[in-house]
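Please look at the sequence and the structure first.

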Amino acid sequence: MTTNERINKIVDILLVSNSVTALTGAGVSAESGIATFRDPDGIWSKFNPLELASIDGFISNPERVWSWYQYRVNIVNNSKPNPGHYALAEFHKYNLDFNLITQNVDGLHQRAGSENVIELHGSIIRNKCFNCNQIHEGAVINGNLLNNCKRCNGLIRPDVIWFGEMLPESEINTAQKLSSNTDLFFSIGTSAEVYPAADLPLIAKSNGAILIEINPVKTQLSNFADIRIELTSGKAMPLIIEEYKKRVE
Ligand code: APR
């Protein structure tokens with residue numbers, strides 16, 4: 001099948017679907033200039049995740065972890081949503097029961113207009129106390145001093161899920177529930193290597209959903225996908241939503 005035929009097939013399925021679920025990964029933000037993690041020039045090819053995205057790394061050197069997260073926050077603050085984010089935000093406008101689950105921590109889906117985004121791995125633009133989990137508003141670094149929690153004086157940390165940490169219970173439970181009860185599941189811009197997020201497309205498929213993968217590169221999920229679009233999300237998602245709008249309007 002040509003890409004066009006695949007796009008039309010996906011829209012045929014959208015038109016008869018009541019519920020649609022999308023899981024996104026770092027690939028969706030690549031066209032906004034935010035590096036992915038496992039691509040050849042990805043984040044983990046330059047930085048050590050155990051030093052920068054783990055509890056031990058933070059305890060042993062909170063300043064190093066904070067300067068890395070400040071570097072990433074600056075990139076995010078200077079980035080903008082791309083056509084892939086905006087296309088996904090359009091799905092909410094139609095009477096599809098559409099739910100968006102993301103592994104991304106950059107908040108670009110929300111900035112593109114997506115609602116009720118389920119953030120499995122937290123948010124890089126939100127901070128919390130390492131001890132008591134109190135959300136911390138305002139600056140974390142004053143000069144070269146780290147602020148401490150106003151409530152318990154604990155260290156402030158980014159509100160993201162680090163390696164070895166459990167995902168937020170309500171988010172992952174909701175994501176699993178949605179995935180087990182959806183007609184159509186999109187896996188977009190993710191290597192499908194990190195669990196439990198990587199389980200979601202398989203949960204959907206084993207409960208009867210049609211599985212679509214949007215990724216220019218094959219992943220370990222590709223063989224399970226009913227349809228694959230080997231384009232970037234910034235190209236594929238607008239093509240899908242535009243064809244869908246043509247058919248419904
Ligand atoms: N459009 C769609 N997909 C893309 C694009 C693009 N423009 N650019 C790259 N990709 C694909 C790559 O082919 C790869 O399969 O996006 C995927 C990105 O994979 P990863 O870098 O592993 O990112 P992700 O799957 O989101 O990682 C999951 O791992 O390190 C943790 O917490 C981190 O949330 C992250 C999790």
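In this predicted model, P62 belongs to helix α5, which covers residues 62-77. The relative accessible area of P62 is 10%, and because this is under 20%, the residue counts as buried. When neighbours within four places in sequence are left aside, the residues in contact with P62 are L146 and L155. I135 stands 73 residues away from P62 along the chain, and the C-alpha atoms of P62 and I135 are 17 Å apart.

The second topic is the ligand. Around the ligand there are 23 residues, and the closest of these are A26, F37, R38, T190 and S191. By type, the residues of this shell comprise 8 nonpolar, 12 polar and 3 charged. Two domains contribute to the shell, since at least three residues come from domain 1 (1-33 + 81-121 + 166-249) and at least three from domain 2 (35-78 + 124-160).

| Ligand atom | Protein atom | Distance |
|---|---|---|
| nitrogen | polar backbone atom of G27 | 3.4 Å |
| nitrogen | N or O atom in the side chain of E31 | 3.0 Å |
| oxygen | N or O atom in the side chain of H121 | 2.8 Å |

Taken alone, the ligand would expose 740 Å², and of that area the protein buries 93%.

Terms used:
Residues are numbered from 1 along each chain as its sequence is written. This is a predicted model: local features need pLDDT of at least 70, side-chain atom pairs count only at pLDDT 80 or more; totals for chains, interfaces and linings use all residues. Side-chain values use heavy atoms; hydrogens and water are left out. Helices (H or I, at least four residues) and strands (E, at least two) are DSSP runs, numbered from the N terminus. Buried means under 20% relative accessible area, exposed over 50%, partly exposed in between (1.4 Å probe, protein chains only). Contact means heavy atoms within 4.5 Å. A residue is near a molecule or strand if one of its heavy atoms lies within 4 Å of it. A polar contact is a pair of N or O atoms within 3.5 Å; within protein, one must be able to donate a hydrogen and the other to accept it, and residues adjacent in sequence count only if both atoms are side-chain atoms. Accessible areas come from the Shrake-Rupley method with a 1.4 Å probe; for residues, only the protein chains shown count as cover. Ala, Val, Leu, Ile, Met, Phe, Trp, Tyr, Cys and Pro count as nonpolar, Asp, Glu, Lys and Arg as charged, and the others, Gly among them, as polar. Domain bounds come from an automatic or database domain assignment.
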